[in-house]
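Hello,

Here is the structure we talked about. My notes on it follow below.

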Amino acid sequence: MKPWLKRLKQATYNTTFMYNIRMIIAFSGTAFVPYFMGYQLATIPLTLGVVAAGLSDIDDRFSVRIMNLIYTYIGFFVTAASIQFLFPYPVLFAFGLIVSCIGWILLGSLGRRYATIAYGCLVISVYSMLGVHLFDQWYVQPTLLVAGAAWYGLISTISFLLFPVRQVQDKLSQCYSSLGDFLFAKSNLFDVDMTPDSYQQSMIELSMENGRLIGIYNEMKTALLTRLKGDRGQKDTRRSLQYYFVAQDIHERADSAHIDYQKLAKIFEHSDILFRFQRILSIQGKACKDLSESILNREIYQHNHRFKHAFENLKYSLERLRKDPQYDQVWVNALFSLYQNLKSVDAQLRNLETERNISADKTRHIEHQLKDDDLKGWDDIVIRIKQNLSPESVLFRHAIRVSIVLFIGYIFVQLTSIEYGYWILLTALFVSQPNFNATKRRLRLRITGTLSGIIIGYAILYFVPSIEGQLVILILSGVLFFELRSKQYAQATAFITILALINFNLDGLGFAAAFPRMLDTLIGCALAWFGVSFIFPDWKFRRLPRTIRRSLTAQCDYLAEVIEQYKHGRNNGLKYRIVRRAAHNTDAEVASLISTLATEPDFDPVQKTHAFEFLCLNHTLISYIAALGAHREKIEDTEILQLLDQAFEDIKGALLNDEVPDLSAQNMLQTIRQQLSQNHAEDQKSLIILQQLSLMLGILNQLSQLKQNLSHERDLDATEFASL
């Protein structure tokens with residue numbers, strides 16, 4: 001292939017480059033078409049329509065994408081027209097603002113597509129307020145806003161038709177990249193110089209990485225489901241399916257814990273064994289990163305040849321440990337189990353490309369292994385909305401909070417007649433997030449970005465007086481806003497501020513709008529802070545015990561399903577994947593919740609300490625279960641099966657019902673472990689089961705006590721709050 005053709009091919013595989021090209025075309029059309037038509041004022045609503053459409057863009061299969069676009073355009077037009085009609089009537093406008101805001105946000109309870117469209121309509125409503133004075137006829141601004149959105153939709157659809165599986169492959173690449181980060185974090189647990197503090201920090205980091213990975217897996221599942229519903233056996237879809245399930249299986253094995261890492265570091269601190277495990281985990285993390293790059297560049301993944309030599313040396317070191325009488329064979333056997341697990345991860349990576357061409361029949365079988373969370377009918381719609389009509393719902397609290405904040409902002413604008421006051425509402429809308437931590441972070445970034453954007457925008461208006469030059473900068477600002485909005489919020493805010501100032505300058509008000517824009521931003525941020533702090537404040541509804549109980553319940557369900565498969569044989573079907581995903585989702589929810597405690601105004605230092613201890617032990621428990629699941633096979637030993645059932649009852653009773661564990665199971669476990677450690681080669685599967693149960697029972701009392709402590713502390717908080 002010629003060099004220039006190769007570079008062109010690589011450019012088309014670069015998602016960021018192609019996305020920026022799409023945005024350049026979109027903003028160029030809204031900037032220069034009105035310019036050549038002599039209707040420069042139309043640039044303002046056309047550009048804002050592109051921005052709103054870009055914020056509402058949803059990845060879906062072609063037929064559903066078209067329906068999404070139609071729903072979006074109808075929503076945009078109705079919203080913008082309503083603003084035009086109600087604007088002269090403040091009382092009706094205020095009432096409509098509250099009702100529509102609550103309605104749009106609660107619409108998000110129906111699913112991702114509705115939440116995205118609803119957010120776009122909220123943005124359009126404030127954009128319409130900003131431009132309500134621009135045109136004499138009521139229909140002109142709504143039409144132009146929809147025209148800008150339709151222009152973006154056309155370009156987006158063409159891009160989709162040219163690269164239909166691009167976003168799926170990008171998410172798949174993110175899965176393996178995040179999986180690599182998870183493996184790097186896991187390798188830190190094999191540090192021989194580990195202290196209790198460094199161990200806890202490593203566990204917290206591992207739990208955070210696990211939460212991010214689970215979030216990406218959930219997005220990937222959604223993307224795959226929508227493709228499967230319209231798929232006709234496409235090769236790329238089948239390939240993505242296989243890669244996704246392999247990534248899940250690798251994650252289960254990588255998250256497995258066969259041993260107490262703190263004790264491990266002490267026992268083998270003068271051996272090379274931990275360094276070898278740490279190195280293999282690190283190069284497996286690098287392999288996942290390489291695989292991620294291969295997916296992005298549409299190249300065949302080449303497995304690293306260093307693995308063979310590394311595993312040979314690791315096995316040799318393990319054999320030497322087995323012959324060394326100073327080490328307890330229970331620990332050595334646990335290390336052998338870990339070795340086998342890492343070998344299985346290596347086999348998954350090594351054989352991934354050789355098993356790419358799976359059959360269409362298997363594709364349809366896999367489709368049934370993905371749980372479809374889409375709406376099933378009107379009954380489902382009613383149920384989902386009812387579930388969110390309570391202060392216990394995060395979505396409901398957010399809807400009430402944002403609607404009140406926008407209402408207060410509107411009243412303030414009406415009473416003060418502040419210049420360009422509707423930027424207050426736009427700022428409050430963009431900054432307000434469902435939780436305190438996210439809102440607080442956006443407040444600072446929004447103010448910093450707006451101030452930077454005003455300074456740079458002033459300089460642009462002064463040094464680039466020509467309309468043509470300003471339109472070029474408008475295009476670049478719009479592109480950079482979309483490129484940075486999910487990565488660098490402050491910089492993205494600066495570029496959207498520059499775009500806004502240039503838009504105002506098209507109406508002859510560029511310099512005059514700069515200071516009011518800054519003032520409105522400060523007021524809008526203050527309103528957002530007021531809302532998240534005093535209107536259904538998030539921390540008063542956290543109910544940490546309820547979140548903890550959900551996580552422990554999901555982990556018990558996961559353990560129960562693993563035990564069932566030891567009775568009836570290994571099965572990777574839908575039921576198993578659902579309970580495994582639920583356990584990891586709730587574990588990620590606990591990690592996300594606890595990580596925000598330090599940022600909340602009423603956190604208690606003792607509670608924070610207990611919460612982070614629970615976070616570490618909670619993820620440790622799911623790691624022990626994952627190890628048991630990674631080795632699950634049908635066994636015939638009735639004594640072991642009976643022990644599994646007894647241990648499960650003890651674990652479930654202690655974690656969910658606060659029962660004191662029955663020590664008979666632990667005593668029986670200790671007896672059988674001693675027997676197996678003396679003759680480990682005859683029943684390796686039983687030894688793995690006993691080792692994992694021993695680890696789970698070993699942390700049971702501490703985990704149960706932490707759960708009760710946190711529940712007691714939160715109950716006290718609730719009682720104090722109720723007495724105010």
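T222 is partly exposed, with a relative accessible area of 32% (partly exposed lies between buried, under 20%, and exposed, over 50%; 1.4 Å probe, protein chains only). T222 sits in helix α9, residues 196-230 (helices are DSSP runs of H or I, at least four residues, numbered from the N terminus). Its C-alpha is 9.2 Å from that of D60, although 162 residues separate T222 and D60 in sequence.

This is a predicted model: local features need pLDDT of at least 70, side-chain atom pairs count only at pLDDT 80 or more, and totals for chains, interfaces and linings use all residues. Residues are numbered from 1 along each chain as its sequence is written, and side-chain values use heavy atoms, with hydrogens and water left out.

Now the salt bridges. The structure holds 18 (a side-chain nitrogen of Lys or Arg within 4 Å of a carboxyl oxygen of Asp or Glu).

- R384 pairs with D380, closest N and O atoms 3.4 Å apart. Both lie in helix α16, four residues apart, about one turn.
- E483 pairs with K487 at 2.6 Å between the closest N and O atoms. E483 is buried at 16% relative accessible area. K487 is partly exposed at 48%.
- K575 pairs with E561 at 3.7 Å, N to O. K575 is in helix α24 and E561 in helix α23, so the pair ties together parts 14 residues apart in sequence. K575 is exposed at 58%; E561 is buried at 11%.
- D249, E252, R580 and R632 are linked in a network of salt bridges.

Best wishes

Technical notes
Helices (H or I, at least four residues) and strands (E, at least two) are DSSP runs, numbered from the N terminus.
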